[in-house]
Amino acid sequence: KQRPGYISTDPAGGSKITFPIDLPVGECYVVYIAILRSYTGMGTMTVEVRDYGKDKQKSAPPKRSTKKNVDGLWQSPISVWSDVQITEDHVAGCTGYCEVDITTDPQVDGRVGNKVKVLTISARKCSKTLH
């Protein structure tokens with residue numbers, strides 16, 4: 001049975017995928033990833049959001065870069081999709097064109113497996129007013 005999403009299981013880590021986000025410029029957006037969380041076999045990843053604003057050609061360095069370490073392992077004896085907020089509501093982490101890099105980490109000592117599964121990348125407008 002095929003299940004949509006990006007999957008990496010390499011124990012060495014270092015697998016990388018990049019997703020572009022192209023939104024109307026000048027707004028503040030919060031970026032999320034939906035991952036599989038499970039009680040066994042899961043690994044960790046580093047997620048980076050680079051905000052280029054209106055610079056789709058990336059002719060200059062990003063206006064902002066936000067990194068977050070994410071772990072797919074949890075204690076509940078169930079496997080479910082879980083949204084993980086990467087950028088914050090009170091800081092403009094994405095203001096137009098952004099790229100989301102997901103890089104898998106090496107397998108954590110003592111874990112059986114290093115599975116990272118990403119279903120979606122999404123964004124919503126910030127709910128707080130920026131100053």
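This is a predicted model: local features need pLDDT of at least 70, side-chain atom pairs count only at pLDDT 80 or more; totals for chains, interfaces and linings use all residues.
View 1. Ser38 lies in the loop between β3 (29-37) and β4 (44-53). Look for its partners from elsewhere in the sequence. Setting aside neighbours within four places, Ser38 is in contact with Gly72, Leu73, Trp74, Ile78 and Ser79. With one of these residues, Ser79, there is also a polar contact. Side chain meets side chain there, at 2.5 Å.

View 2. Strand β2 covers residues 16-22, and Thr18 is found in it. Thr18 is partly exposed, at 38% relative accessible area. Not counting residues up to four places away in sequence, Thr18 touches Arg50, Glu99, Val100 and Asp101. The side chains of Thr18 and Asp101 are joined by a polar contact of 2.5 Å. Now compare sequence with space. Thr18 and Thr103 are 85 residues apart along the chain. Their C-alpha atoms are separated by 8.8 Å.

**View 3. Asp101 and Arg50 form a buried salt bridge.** The side chains meet at 2.3 Å, N to O. Asp101 lies in strand β7 (residues 97-104) and Arg50 in strand β4, so this pair ties together parts that are 51 residues apart in sequence. Are these two residues buried or exposed? Both Asp101 and Arg50 are buried. For Arg50 the relative accessible area is 13%. Arg50 also forms a salt bridge with Glu48. In that pair the closest N and O atoms are 3.8 Å apart. Glu48 counts as buried too, at 17% relative accessibility.

**View 4. Six charged residues are linked in a network of salt bridges.** Which residues take part in the network? They are Lys16, Glu48, Arg50, Lys58, Glu99 and Asp101. The pair Asp101 and Arg50 from the previous view has both residues in this network.

**View 5. Lys56 and Asp22 meet in a salt bridge.** Their side chains come to 2.9 Å, N to O. Lys56 lies in the loop between β4 and β5 (64-71), while Asp22 is in strand β2, so the pair ties together parts that are 34 residues apart in sequence. How accessible are the two partners? Lys56 is partly exposed, with a relative accessible area of 42%. Asp22 is partly exposed as well, at 48%.

**View 6. A disulfide joins Cys28 to Cys126.** A disulfide is a covalent bond between the sulfur atoms of two cysteines. Here the S to S distance is 1.9 Å. This pair links distant parts of the chain, 98 residues apart. Cys28 is in the loop between β2 and β3, and Cys126 is in the segment after β8 (116-125). The torsion about the S-S bond is about -55 degrees, so the disulfide is left-handed. Cys28 is buried, at 9% relative accessible area. Cys126 is buried at 15%.

**View 7. A second disulfide joins Cys94 to Cys98.** The sulfur atoms are 2.1 Å apart. What is the handedness of the disulfide of Cys94 and Cys98? The torsion is about 120 degrees, so this disulfide is right-handed. Cys94 is buried, with a relative accessible area of 0%. Cys98 also counts as buried, at 0%. The count of disulfides comes to 2. Number the bonded cysteines in sequence order, and the pairing reads 1-4, 2-3.

View 8. Strands of a sheet pair through backbone hydrogen bonds. The order here is β1-β8-β3-β6. Which strands stand at the edges? They are β1 (6-8) and β6 (80-85). Each has a single partner strand, so one side of each is left without a neighbour in the sheet. Neighbouring strands of this sheet are turned by 30 degrees against each other on average, direction ignored.

**View 9. Strand β1 pairs with β8.** The two strands run antiparallel. How many bridges join β1 to β8? There are 3. Find Ile7, then look across to β8. The bridge partner of Ile7 there is Lys117.

Conventions. Residues are numbered from 1 along each chain as its sequence is written. Side-chain values use heavy atoms; hydrogens and water are left out. Helices (H or I, at least four residues) and strands (E, at least two) are DSSP runs, numbered from the N terminus. A polar contact is a pair of N or O atoms within 3.5 Å; within protein, one must be able to donate a hydrogen and the other to accept it, and residues adjacent in sequence count only if both atoms are side-chain atoms. Contact means heavy atoms within 4.5 Å. Buried means under 20% relative accessible area, exposed over 50%, partly exposed in between (1.4 Å probe, protein chains only). A disulfide is a pair of cysteine sulfur atoms within 2.5 Å. Two strands pair if DSSP finds at least two bridges between them. Axes are lines fitted to C-alpha atoms, for helices over the stretch in contact, and angles run from 0 to 180 degrees between N-to-C directions. A salt bridge is a side-chain nitrogen of Lys or Arg within 4 Å of a carboxyl oxygen of Asp or Glu.
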